[in-house]
Structure formats: C-alpha cells, structure tokens
Amino acid sequence: MSNRPIADYALISDRHGAALVGRNGSIDWLCLPRFDAPAQLSGLLGADCGHFRVAPSSLETVEIERRYVPESLVLETLFHCSEGRVMLRDALATGEGDQANHLGRGAPHRVLRELHCLDGQVPIEIDYAPRPEYGLIRPLLEPVEGGIATRGGASILRLSSDVPLAVEDCSARARFRLNQGERIGLALQHASTATGLPERILPDAIHAGLTKTIEDWRAWSRAHQAYEGPWTELVRHSGRVLHGLIYEPTGAIIAAPTTSLATCIGGSRNWDYRYSWVRDASLTLDALWVAACPTEAHRFFDFLGATALIQVREHGNLQVLFGIEGEHDLNERELPHLPGWRNSAPVRVGNAAWSQRQLDVYGEVMTAAYRVREQLQALGNTGRRFLVEIADAAAARWQEKDHGIWEMRTPPRHYLHSKLMCWAALDRAIAMADDLGAEHRIDAWRTACAQIRSAILERGWSAHAGAYTQTFGANHLDAAVLMMPIVGFLPADDPGVLATLDAIEDQLTDANGLVYRYQVADGLDGGEGPFLVCTFWLAQARAMAGQVEQARVIFERAAGCVNDVGLLSEQVAPNGTELLGNFPQAFSHIGLVNAAHAIQQAERRRE
C-alpha cells in the first residue's frame, strides 16, 4: 500500500494537468493532459501503481529541504547527503506566447526534472515505473534515442534522459554518481497514440524549459498579484496554488488534483475532486480577486454560465458540479485493483454528487454574478435570462428539501444553509434587476426574499442550542451557518450570529480549536477530521464582527496546518497530527485568502 503522509507531497501544474512530487524525489501522481485524465502514475494509491523517482541512492542519512522558487510553482528539493549536496528542480512546462496573462496556454504536457550537484560526489538513482490508466496497465517500455518510450493504453510517454537507463520488468532504472557542478536533465512527455511518439528533448532544452517556466510564473505573479496585508506571502502563494488548479482552456477551477485521498483512514470517505463545483463559485471569485487574477474570476463565471444555461432552462435544476470542459455526466465508479492510500478503499473516479439536488447553488451563481456584475452586459440577452431564471427557481423552490452543501448521502432535509443561499440568490437578483432587464420581477423576488428571511429567523434558530442550526427544527450545529454574515444575511455583530459563533467555537471544534463541518450522522461509515475551510470561515466571521484578535488566533490555527511548502488539504486528523483528504484543496486555500482579506479590512476599519 501507499502510506507516505499527504503532507510529504508538493504540487506542480501546467494549468492543464498536475503532478504530486514527494519529499523523496518521487512523482507518485501524474495526470496529463488534463487534471481528470486517467493517471499515468498512481503510486499515491498503490505501491506498484506508478512512480518516477530521482534522488540520492540512499536517503537514510539525508536531510531534505524544499521550497517553491519564489513567485512560482517550480519546486526545489535540496538533498544534504554525507557525500555532498544535490538540488532537484521539478516543473510542468508552461507554453509559448503571452504567459504573463495566459499562463499555461499551449502547454506541451511535459514534466521537466533537473538534478544539480552543488558539492561533493553523490550516488544517484533514477527509478521510472509508469503504470497508465490508474495502474491498470503494465506497459511496454522500449529504449529509443536518448531515452525510453512507454506504450500502453491510449497514451504514449517519452522519457528523455542524458543518462542511459536499463529496462527491466516494465520499469527503467539508472545508478550513477553526480560530481560537483554536474547536471542531469529528464523530460517526461505525454502524447496520444493518435499523434505518435514525441520528439526527444535535449538536455540543454530541459534546462532552458525550467528557466522559462520560472520566468513565466514570475511574470504572471508580478502582473497580477497585488495583495498587501496580513500574511502577504501566504496569501499570494495560495493565489498561485489556485491559479495552478484552474484548467486554462476553459477557466474551470478544480476542487483538488487528486481522487480518493481518504478523510477517514481505513474508511470509505474517498471521493474524486478533479471537477469544478458550482458550490464554491462565489467564494472562489472573491479569492481570485484578492490573491490571483480578476480575469480568471471572469473566466470562471463565463464557464459556469456556459455549462449551466441549458440545464436550468430545461429542468429548473442547477447541477452541483461539472467536468472541466463542461461535462454533465460524471458517473461514479470504483477501481478495485487499487488498494488506496493507507489501504483506504474504494478508489473512485467520477462523483455521484453531480446528480444530487442542492438548492444552495442558486445563491452561489447569483452571488458570483453580482461579484462580476460589470460584465453582465457581455452575457447577452440569453445569459441575462439565465440569471433571471435562476432567481425565479430560487423563489419557487426554496421550501423544498435537498442534500445540502456537504452532499450528505442521507434523505433530503431542510438545510438552513440551502435556504440562506436561496435568499442570497434573490437578494443579488434584486440588486441587479436593472442590469438583467428584470425590473418587472422585483416585487415577486422581494416577497420570496422576505419569506425566506422569516423562515430562517423563526425555524433556523434553536433555543436549546442557543444558535442557528444545521436544519430547521433541529439542534445540531453546522459550520455552513457561518455563511450567514459572510453573505450579508445578518450583520456579523448581530446577537444571534455572535451566539452561533460562540456555540460553534465551543462545541464544534477539536482540542486544537479547528472546526468540524458537523457532528451528526451523514449516511457514511467512519468519522472525519476538522475542515480547514470551516475554520477560516470562523476567522472571517470574527473579523467581520470586529473581533480582530480572536480572528487572528483562529486564522493562525488553520494556517499553521500548511505543509513545508505552504499547501493545505481538506481536513486535519482529529488528533491534529496530519493532513487528510484530496490535496492540495482549493476550498482550503480559498478560505485562507478570504479570511486574511477580512482581517485586513477589519484592521483598516479599526484604524
């Protein structure tokens, strides 16, 4: 099985696909040419399911340091060995043309790796074991000029290397010594069987490609990252991570580049997150605006409009998530040949939540539209009608039960958060009525908006809990209720909101003060750890209430969970010892950015 800690990994991305590189120099997850493509390397989910390791031969006496090259997602791993020091650089190559504004456009789907001996004479090992289609295929490896060709399934991989590799049992290996000042370069290229074997990449081109990729990331960062405030570098780094999780051809942002990393070790809470969630839309736009690129916020909204328009028109429903090119059918299946990370099976591809009914998505889309309302005219009449129909659907359906933001696999219920987001949909629609050409709908929207408000205030409050709760008429707390002040339903300093914040902090946190989503049966086996985005929501709400010192403390708890290269997963183990869940998690980095910005704004108001 694979049991390396999730925090041992670092992300590299070309904004089309992604790879995870371990502290030991092994790429154990690789999906090219798309984030959701069948993985060529799946060692993260099974011991013999694919890896590509470049590192000193023996790591027992090695001290390892890692960082991203400043203002980039190019990874540097420094190995301190008894024989000397070597630096490994890893990247997915960017494209040609204006990369400062279109980073990743025309990306060649190429992993670049360079090992440089800084001093001494260090024994090195290269171990290349591709296993296409999530480890299902043991491919044919054959020597070609300057490297190895890998054939099997629908993909061809070409490994270019200036070091000879010996092929044995579907793997290729090399062992040699690297002397002070020497470099070796490796390039792993992806192509389809229809296009044939890619051309060899020469060693000088590998070094030049790494240099260019660093320059391209830095050009983008300097052109688009302007945040100044608390935790500046952490916020900007999160912005780069979010940019790395955007599928460049469409602007869709994935929840994470992995599938089935467990949130409950040994349990079955293992999901495929390589898709784009409507649920995250408005918070994603806020974070992109602060820490990354407003242009990408507009592109993500365009993607939502293009994918969801027909569905709302025909069915009145709005799907919860979509494929990165707008695919609607994301049927879920299991891969029984993969044991899973820490033996946490099943491994799943696809996500059954696409077919759930979640009413909160109306509010997510309308709040996102309000965030980029200056571009509404560019939508045209059809796009504006789409938004009007979403508001009408929220008004007509808010009283229905649904599965809620957390996609529980239990019978539908009256979730407060779902009602709240229907209210938000109508509130934003009323504010945009002139832009939407929907002045005649305002009275009906106001009536529904008032009805939802009354229902939440009357049925969402529990005197027993002393707080607003997960569902109408119940006493269970839910971190999603923290969105009440964030979307503007009530002021953050409203007594009921403050009581809810206190209740959540007192009763819905672990020993380290990190916030759980909920603590109620959700139809799945096993428990789960605190959710990092929920902890950031609590910090954001405290900041909005003017409780800046408390907000800072809560923020530091969650931000302190980053690994050594500044990445966050979805959850933390209940004992606080390790990261859990798909990685890196966009929602966690979105929460970090928005909470830091809220604290910045609160400090400015106080000054």
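A: Helices (H or I, at least four residues) and strands (E, at least two) are DSSP runs, and they are numbered from the N terminus. The model is a predicted one, so local features need pLDDT of at least 70 and side-chain atom pairs count only at pLDDT 80 or more, whereas totals for chains, interfaces and linings use all residues. Residues are numbered from 1 along each chain as its sequence is written, and side-chain values use heavy atoms, with hydrogens and water left out.

Q: What does Ser 238 touch?

A: Leaving out residues up to four places away in sequence, Ser 238 touches His 589, Leu 592 and Val 593, where contact means heavy atoms within 4.5 Å.

Q: Let's follow Val 593, then. Which helix is Val 593 in, and what does Val 593 touch?

A: Val 593 belongs to helix α15 and, at 0% relative accessibility, counts as buried. With residues up to four places away in sequence not counted, Val 593 touches Val 235, Ser 238, Ala 287, Val 290 and Ala 291. From Val 593 to Leu 245 there are 348 residues in sequence and 15 Å in space, C-alpha to C-alpha.

Q: How do α13 and α15 pack?

A: Helix α13 (residues 532-544) and helix α15 (residues 586-606) pack at an angle of about 15°, and their axes are 8 Å apart. Axes are lines fitted to C-alpha atoms, for helices over the stretch in contact, and angles run from 0 to 180 degrees between N-to-C directions. The two helices, α13 and α15, are therefore roughly parallel to each other: angles under 35 degrees get that label, over 145 is roughly antiparallel, 65 to 115 roughly perpendicular and the rest oblique.

Q: What kinds of residue make up the contact of α13 with α15?

A: On the α13 side the residues include Phe 536, Trp 537 and Gln 540, and on the α15 side they include Leu 592, Asn 594 and Arg 605. By class the contact of α13 with α15 has 13 nonpolar, four polar and one charged residues, where Ala, Val, Leu, Ile, Met, Phe, Trp, Tyr, Cys and Pro count as nonpolar, Asp, Glu, Lys and Arg as charged, and the others, Gly among them, as polar.

Q: What about α4 and α6, at what angle do they pack?

A: Helix α4 (residues 281-291) and helix α6 (residues 360-371) pack at about 25°, with axes 7 Å apart, and that makes α4 roughly parallel to α6. Here Ala 281, Ser 282, Leu 285, Asp 286 and Trp 289 in α4 meet Glu 364, Thr 367, Ala 368 and Arg 371 in α6, so by class the contact of α4 with α6 holds four nonpolar, two polar and three charged residues.

Q: Switching topic: how many residues are in the largest nonpolar core?

A: The largest nonpolar core has 205 residues, and Phe 52, Ile 126, Trp 537 and Phe 555 are those with the most contacts inside it. Apart from that core lies another, of ten residues, among them Tyr 273, Leu 321, Leu 330 and Ala 353. A nonpolar core is a set of buried Ala, Val, Leu, Ile, Met, Phe, Trp, Tyr and Cys residues joined through side-chain atoms within 4.5 Å.

Q: Which residues is Ile 126 in contact with?

A: With neighbours within four places in sequence set aside, the contacts of Ile 126 include Phe 52, Val 54, Val 163, Leu 165, Phe 176 and Ile 184, and also Arg 53 and Arg 173.

Q: What is phi of Glu 133, and what is phi of Cys 170?

A: Phi of Glu 133 is near 55°, and Cys 170, although not a glycine, has a positive phi of about 65°.

Note on methods: Buried means under 20% relative accessible area, exposed over 50%, partly exposed in between (1.4 Å probe, protein chains only).
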